[in-house]
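I am keeping this notebook while I read through one structure, and I write down what I looked up and what I found.

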Amino acid sequence: MHLGLAMRPVALFTFIVFSGVASSRTLPQRRLVAPETQHVLWNSEQSHYRKPQLPIPSASSGNASPVVGFVALGDSYSAGIGTGVKGKEDDCRHGLGAHGHLIATDLSTSHGGPNSTAFQFLSCTGAVTEDVLTGGEDSQIDSFNTSVPVDFALLSIGGNDLGFFDVMNACVFRFYNFYSGTCETALENARTQIEGNDFDQRLEIIIMEILDKVRWEKKPSFSITVTGYARFFNEVTDACDDMSFGIWWNGPKLKKDLRIRMNALVLTVNAKIHKIVNAINSKFTTDKVVFVDYDGGFDGHRFCEEGVEEPAYDRKDTWFFLVGGPDNARNGTQELHASDLATVPPESSLVDPLSCLEPSQMSGDWGELALCYMAMSKHRDPSLRLARGDLVAQNSMWYVPTYYGKTFHPRSLGHETIRDKIYEAWRTLR
């Protein structure tokens with residue numbers, strides 16, 4: 001690792017530590033407050049509906065300008081889907097428990113309050129690399145404002161490009177029932193995507209575009225922290241072999257071989273991202289990108305842990321969501337998750353079995369895809385029986401997309417671990 005790497009994040013991390021706010025275990029979290037009038041990004045009614053809505057934290061009074069700042073880019077793992085909202089959930093499904101939000105809260109607390117930190121929360125559920133690259137309709141990099149303080153960037157991307165949802169659908173949930181395709185095909189397709197070079201090229205372009213956006217030559221302290229993903233399962237135990245997360249009655253079992261293969265995909269993706277990061281850093285005299293592998297932090301907190309009978313909705317020590325499962329935030333309150341339990345009107349285009357497929361595929365949103373597949377399945381075979389009654393509301397209406405789409409995403413304690421692993425990586429750079 002080159003000595004000049006990311007000195008500004010290191011300095012910020014040191015400030016956080018000595019301010020006593022690096023861990024939510026020791027200090028109650030202070031939430032950033034979204035301003036009534038956005039001064040930076042996409043507050044206009046003419047902006048596209050997928051544009052992020054929470055770029056800049058602000059206090060209700062005072063004119064102090066931010067002294068530090070950063071941007072969070074990427075997919076739902078960065079957006080924090082399911083980890084709580086105040087009021088109405090936005091279209092990118094930003095959660096208050098997202099690790100980027102936790103870091104922004106720590107920075108704001110350590111630097112004197114909400115006005116001190118400019119946090120551009122541009123991550124969006126369903127995003128693929130094309131949504132981050134410049135020039136697209138929903139380009140996150142084009143939305144990135146460099147006129148406010150920006151000391152580093154957080155980036156999580158790749159899961160949607162490399163077929164995570166297709167594997168989940170075909171091998172675990174089978175939202176589209178018999179029409180979901182075979183698990184073997186989904187695994188092979190994901191493997192083909194991972195072994196190809198398209199993603200490598202797009203990720204490298206993304207990182208270079210971020211660096212160019214901030215004019216890295218004039219801002220040598222700026223760096224990008226790229227996070228990987230965590231394995232979903234304990235793959236050692238045999239006890240999970242007869243258990244299922246399937247949506248429909250008699251769904252697929254969580255066999256050891258399946259768990260091993262799905263975990264291997266995650267490790268391969270992490271290795272691929274890490275290799276790309278190293279290749280980019282080799283082009284600079286000082287490293288510009290930090291890769292954070294937080295997988296080990298999830299040990300003991302995956303699905304199918306020893307002695308756990310799945311699906312274990314009440315187990316707070318599992319750090320991934322289940323379909324419809326509760327969050328596990330330390331300071332979680334029910335009202336922050338009320339929007340997850342809203343229902344979709346029967347006439348909604350999201351559940352129109354004749355027209356929902358193309359829009360849901362275009363969105364890339366796991367929840368919208370799951371909703372559409374379930375509606376299409378019921379339309380094709382009204383006799384289909386759900387595995388559990390809580391997969392729909394009491395009036396047989398479908399829940400909102402987040403209820404289904406948050407599955408296999410980190411819960412709030414998972415995001416705390418991701419934040420802490422980022423801090424650990426920054427600490428090693430000193």
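In which loop is Pro311 found? I looked this up with the caution that the model is predicted, and I found Pro311 in the loop between β5 and α10, the latter covering residues 357-363. I then checked the peptide bond that leads from Glu310 to Pro311, and I noted that this bond is cis, with omega near 0 degrees.

**Entry on the sheet**

I turned next to the strands, reminding myself that strands of a sheet pair through backbone hydrogen bonds, either parallel or antiparallel. Here I found an open sheet of five strands in the order β2-β1-β3-β4-β5, with parallel pairing. Strands β2 (117-121) and β5 (289-292) stand at the edges with a single partner strand each, so one side of each has no neighbour in the sheet. From one strand to the next, the twist averages 15 degrees.

I also looked at one pairing in detail: β1 (residues 68-74) and β3 (residues 152-156) run parallel and are joined by five bridges, and in this pairing I saw that Val71 stands opposite Ala153 in β3. Helix α9 (residues 256-281) packs on the sheet, where it touches β4 (223-227) and β5, and the direction of α9 makes about 165 degrees with that of β5.

**Entry on two helices**

Which angle do the axes of α8 and α9 make where they cross? I noted that helix α8 (residues 198-213) and α9 have axes that come within 10 Å and cross at roughly 50 degrees, which means that α8 is oblique to α9. The crossing of these two helices, α8 and α9, is right-handed.

For the residues that meet, I listed Phe199, Asp200, Leu203, Glu204, Ile207 and Met208 on the α8 side, and Lys272, Ile273, Ile276 and Ile280 on the α9 side. Sorted by class, the contact of α8 with α9 has seven nonpolar and three charged residues, and no polar ones.

**Entry on positive phi**

I looked up two residues that are not glycine and yet have a positive phi: Asn177, with phi near 50 degrees, and Phe408, with phi of about 65 degrees. Asn177 is found in the loop between α6 (164-173) and α7 (183-195), while Phe408 is found in the loop between α12 (401-405) and α13 (412-427).

Are they buried or exposed? Asn177 has a relative accessible area of 8%, and because buried means under 20%, Asn177 is buried. Phe408 is buried as well, with a relative accessible area of 0%.

Notes: Residues numbered from 1 in each chain as written. Predicted model: local features only at pLDDT ≥ 70, side-chain atom pairs only at ≥ 80, totals over all residues. Heavy atoms only, no water. Pairing = 2+ DSSP bridges. Helix = DSSP H or I, 4+ residues; strand = E, 2+ residues; numbered from the N terminus. Axes fitted to C-alpha atoms, helices over the stretch in contact; angles between N-to-C directions. Contact = heavy atoms within 4.5 Å. Parallel < 35°, antiparallel > 145°, perpendicular 65-115°, else oblique. Left-handed = near helix turned anticlockwise from the far one by under 90°. Nonpolar A, V, L, I, M, F, W, Y, C, P; charged D, E, K, R; others polar. Buried < 20%, exposed > 50% of the residue type's maximum accessible area, 1.4 Å probe, protein only.
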